[in-house]
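I opened a notebook for this structure and wrote down what I looked up, in the order in which I looked.

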There are 2 protein chains.
Amino acid sequence: MTETASRPTLEAVAERAGVSRATVSRVVNGGDGVREPLVERVRQAVEELGYVPNQAARSLVTKRHDAVAVVIAEPETRVFADPFFALQLRGISKELTAHDNQLVLLLTEGRDDHARVARYLAGGHVDGALVFSLHLDDPLPGLIQGAGVPTVFGGRPGWSDGTRDVVYVDSDNRGGARDAVRLLAGLGRTRIAHITGPLDQTSAADRLDGYREVMGDADPGLVVESDFTPGGGERAMRALLERCPDVDAVFAANDLTAAGAVRVLRERGRRVPEDVAVVGFDDMMPVAEQTDPPLTTVRQDIEEMGRIMARLLLRRLERRTADGAAGGADGSDAPVVLPTTLVRRASA
Amino acid sequence: MTETASRPTLEAVAERAGVSRATVSRVVNGGDGVREPLVERVRQAVEELGYVPNQAARSLVTKRHDAVAVVIAEPETRVFADPFFALQLRGISKELTAHDNQLVLLLTEGRDDHARVARYLAGGHVDGALVFSLHLDDPLPGLIQGAGVPTVFGGRPGWSDGTRDVVYVDSDNRGGARDAVRLLAGLGRTRIAHITGPLDQTSAADRLDGYREVMGDADPGLVVESDFTPGGGERAMRALLERCPDVDAVFAANDLTAAGAVRVLRERGRRVPEDVAVVGFDDMMPVAEQTDPPLTTVRQDIEEMGRIMARLLLRRLERRTADGAAGGADGSDAPVVLPTTLVRRASA
DNA sequence: GTGAAAGCGCTAACAG
DNA sequence: CTGTTAGCGCTTTCAC
């Protein structure tokens, strides 16, 4: 049973429908300018033969792929431990498939992979790229920009030189942090500490900036650097308690960290929020609601971020096609910063 | 600045190297049967021009894509909340890129997407598929098998009819469960409860089976159905405590659930493991080590599962290519069940 | 060993 | 409106 019977081609459909290849092509691609009866005949032939266009052949002539790469750099994969990227991927996937684009996932593990990714992107396999790389020293973004592929970044890239006009989508980390700290201050707290994330990531750095904006020249001992993990949150909280036993509020850089901090606080007999109020960041569903007490936190809509990233890229690609391949980052491309919202629960 | 300067083609390289397109092609594809000096000349030209082969053109003739789809069905995406898929994806990605294959991620959100995915797979965009669908009633696997694309499943598919010869990679859920329960029994526990996962997933069902194998005709009241979440674990534990206050051990279907159970236990003043011993499943790093006390659990190597899935598929594709497109699931394709290992920590 | 030539399946002018 | 005609960039016989 040599069932391989290679897929039917345009030619086959044309023959069966008694028309030319060109007509079939037109129908398959929307059917504009083809008279109804013919359209119908072709549709039927397509149906009967189970015709599916060969993407490779199509790409070869159109130079489009209807595919977008999502690049997640190694240091981030770790972060898979929280649902952050999964949610973002979902948002991206939804938007992409809504526009008939495929998602090609590129995970990198260190330097060697950088070259591979750059080559792949430069190789014109995909129409554009969505890149997550939020570390100050990451060479990947540079390589990718070099590859000349339209790109949108997830999160503000951490380049020292702010001159390049990159398009990115980010949450208003700074503003969210300000809101959190202001809430705490408004509650009458005066010794407000901050447990940061890894400061080589812009999100963490921006949250720290927000904290500082509100706190002014407060005791620097109130700031402890941590790493976005629950374990890190615990360690940081212990250090904090040691250093500033009079701390009466904590703004943690994310919910995971906040959860760790709360655990230590209760272990040490401090009541939350009576003795120490705690605010987190993210509003990750399983975490923020599961802690005891449930976390007051700064919500960012991760899935929406993903969706917007995809939308931005797709729009750019569209424009590029229309413009006759000019389409660099013209005026209408600008970073998008999504607002955050404070979600009040029981911890502050 | 019309910087578009379309990528250099084989032709361009050939001209620059002073050879024919065919020769360049040979060199680019391994360079067998081309004399050293020429190889060198071509390599140089490639380098200078920054030539990267056009995959679409290549696929058009070879009918290979060096791309594999990973399909994750809706009900699973939820599970993104634990790092399970992320790890699996990593394993897959590593293996795939090691063999120069791309990973095309297909996330589905309900029925409509099924058709889309089936069409995509049938459309011959990828050489094979890796599919995660572990629910009893999921129609997707059937559709995919219908599409005629070589496929390897992640986890034992939950079909009632076991007749189809599917290839899948799974952990030894049943064996792991047996080990867990035997450990508990060996500790002298007699009232060993089981908090299950969602029983429409084969992993959960298999773990329950393992539990029952060891427990024989124990009190059925000791089994509580749950959902793999911490919150579910808490609810289940409360119900259990109500129903069987004399429970002295719990085997939870995963670590998240175990963590929830432990929390409730301590809340109710039962010491772990003295009063109630607890064993989890998965050995998810952030969870199992963070709980207090750290969880004794059944480890499965998720990343390795992913890697093996990819390896299996790749091997099959290779064989298929060699065989001249025959390569159905011949004898050498069989499900792979990976062993689990008991990790002893403090909770039992 | 190396080159010439034929196409893979499709789209995009261009005629008619 | 519809058909005809060129290729897109690459691999692959088949001669040389």
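Which of the 28 residues around DNA strand D come nearest? I noted A:Thr23, A:Arg26, A:Arg35, B:Leu10 and B:Tyr51. A residue is near a molecule or strand if one of its heavy atoms lies within 4 Å of it.

Before going on, I wrote down the ground rules. The model is predicted, local features need pLDDT of at least 70, side-chain atom pairs count only at pLDDT 80 or more, and totals for chains, interfaces and linings use all residues. Residues are numbered from 1 along each chain as its sequence is written, chains are lettered from A and ligands numbered from 1 in the order in which they are written, and side-chain values use heavy atoms, with hydrogens and water left out.

**Entry: DNA strand D**

I looked at which part of DNA strand D faces the protein. Of its atoms within 4 Å of the protein, 61% belong to sugar or phosphate, and the rest belong to bases.

I then looked up polar contacts (pairs of N or O atoms within 3.5 Å). The side chain of B:Tyr51 has a polar atom 2.4 Å from a phosphate oxygen of DNA strand D. B:Arg21 reaches a base instead: a polar atom of its side chain lies 3.0 Å from a base nitrogen.

**Entry: the surface near DNA strand D**

I sorted the residues of this surface into 13 nonpolar, eight polar and seven charged. Nonpolar here means Ala, Val, Leu, Ile, Met, Phe, Trp, Tyr, Cys and Pro, charged means Asp, Glu, Lys and Arg, and the others, Gly among them, are polar.

Which helix gives the most to this surface? I found H4(B), with five residues. In both chain A and chain B, helix H2 (21–28) and helix H4 (55–62) each supply at least two residues. Helices are DSSP runs of H or I with at least four residues, strands are runs of E with at least two, and both are numbered from the N terminus.

**Entry: annotation of chain A**

The UniProt annotation "domain: HTH lacI-type", from an unreviewed entry, covers residues 8–62 of chain A. I found that span to be 69% helix and 0% strand, with its end C-alpha atoms 21 Å apart. The annotation "domain: HTH cro/C1-type", also from an unreviewed UniProt entry, covers residues 9–30 of chain A. That span is 73% helix and 0% strand, and its end C-alpha atoms lie 18 Å apart. I kept in mind that such annotations may be inferred rather than shown by experiment.

Conventions:
Polar contact = N/O pair within 3.5 Å; in protein donor to acceptor, adjacent residues only side chain to side chain.
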